[in-house]
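Hi everyone, thanks for coming.

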Amino acid sequence: MYNKLSDKAVEFIDHQEILDTIKWADENKDNYELINSLIERSEDCKGLSHREALLLLTCDNKELIEKMFAVAKRIKQRFYGNRIVMFAPLYLSNYCINGCVYCPYHGKNKTIARKKLTQEEIVAEVTALQDMGHKRLALEAGEHPTLNPIEYILESIKTIYSIKHKNGAIRRVNVNIAATTVENYRKLKEAGIGTYILFQETYHKEDYEKLHPTGPKSDYAYHTEAMDRAMQGGIDDVGIGVLFGLERYRYDFTGLLMHAEHLEAKYGCGPHTISVPRLCPADDIDTADFDNTISDEIFQHIVAVLRIAVPYTGMIISTRESKACREKVLDLGVSQISGGSRTSVGGYTTEERHDETSQFDVSDRRSLGEVIDWLLDLGYIPSFCTACYRAGRTGDRFMSLVKTGQIANCCHPNALMTLKEYAEDYATPEVRQKIYKLIDAEIEKVPNPAIRKRAIENLKQIEAGERDFRF
Ligand code: SAM
């Protein structure tokens, strides 16, 4: 039953094509003329094929890498401006029946404390997140058919959307749960989720099977075809990613782009986001047991080439990465970051950090307020915008907004209006002044005069206590 679509996974993640691509990139890695021409061509923001992108990633010429970084920055500026979308993960339950060898939730781990939030605890956790200023959450859960069934996830989403908070509701719930059926994806869509996120971990089938020896996740085809089923269930915003450190990075980088190409070709819309998690130490997980961990330099190179290869796709980075690393990759292409995150179940409502239930060790431990202040000092606009999916601009409708450049008339004023809400409801007087100054300068950059005028009006109304404006 699981393998109903399995031939397709083998087709769109073609192992031989990945090996051939790596060989071709190795053969051409000193062909600076070709590499230069690809870098120059990518300025047209039309993206690159997996072959072309891997060649850029394989190139180790420092000057050319700097050139790639410069193009990546320009592409990012063109589509995303200086906006950075903010979110926080919410861990619902760490009960899991899978055997993933890199994840501390694996079923055989006897040292991790297991916990599943009740609906009352979810209200408390979400209220704590709202007290910080969050509007967008990513739900996380282990896979457990009886303890975390789809009904539990759906009930939790309903609970979250219904929580009344003095500063307004959670406006977007993204979901990162195990691969499931078309029927369940349909239910998630009906529950009003934003993006469905699922990391492939690795596209290398043989190694995937070794890394996932037991449990439903051990079925490579079922996992790899999850996004096809999500699309068939009506979810058109999907987020893909690999866990860098598990497999040779060039293999997974190529697989990731082939997956994006498949979604674009088959459903007319590539992934909404790509996440770039790196393996971290965790309860009973020692990164020294893994041979394929990557350096910061390679990590930055990956982010820059992804930005060039898929210009319209949002890129997400979590608090697995340090402040310094996040600063660098924000510049190269990342468009969404988490802030003030706890990766433990119930972590937002406990005074002390209680890490005994957590999924991985967080590197960036700053509060959301500190992250916002840091982003402002770096010249970014922290955005709490959730407008697109609420206005039905998902899938190809969102993509066409980006492709036609209309994003500047939409996302830019939305970012400023949601940041203004943050200034009024959460910021210290000093940070509030920084935000006001930034908004004054940035509002002038909204291209359409009528939208600019309305946005200025809305900003005044936000100061007067009104909330939740959007374009
Ligand atoms: N249970 C779901 C699944 O297996 O896909 C989704 C939730 S899981 C909490 C989210 C992601 O955390 C996994 O997809 C994996 O990539 C990542 N992860 C697991 N162990 C990790 C580790 N030691 N370091 C960093 N990330 C890890």
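Let's start with two strands: β1 (residues 83–93) pairs with β9 (residues 381–383) in the parallel sense, over three bridges. Strands here are DSSP runs of E with at least two residues, helices are runs of H or I with at least four, and both are numbered from the N terminus. Two strands pair if DSSP finds at least two bridges between them. Within β9, P382 is the bridge partner of I84.

Before I go on, a word on the model: it is predicted, so local features need pLDDT of at least 70 and side-chain atom pairs count only at 80 or more, while totals for chains, interfaces and linings use all residues. Residues are numbered from 1 along each chain as its sequence is written, and side-chain values use heavy atoms, leaving out hydrogens and water.

Back to β1. It also pairs in the parallel sense with β8 (residues 336–338), over three bridges, and there M86 stands opposite I337. With β2 (residues 136–141) the parallel pairing runs over five bridges, and A88 stands opposite L137.

E261 is partly exposed, at 30% relative accessible area. Leaving aside residues up to four places away in sequence, E261 touches L48, S49 and H50, where contact means heavy atoms within 4.5 Å. The C-alpha atoms of E261 and L48 are separated by 10 Å, though the two are 213 residues apart along the chain.

Terms used
Buried < 20%, exposed > 50% of the residue type's maximum accessible area, 1.4 Å probe, protein only.
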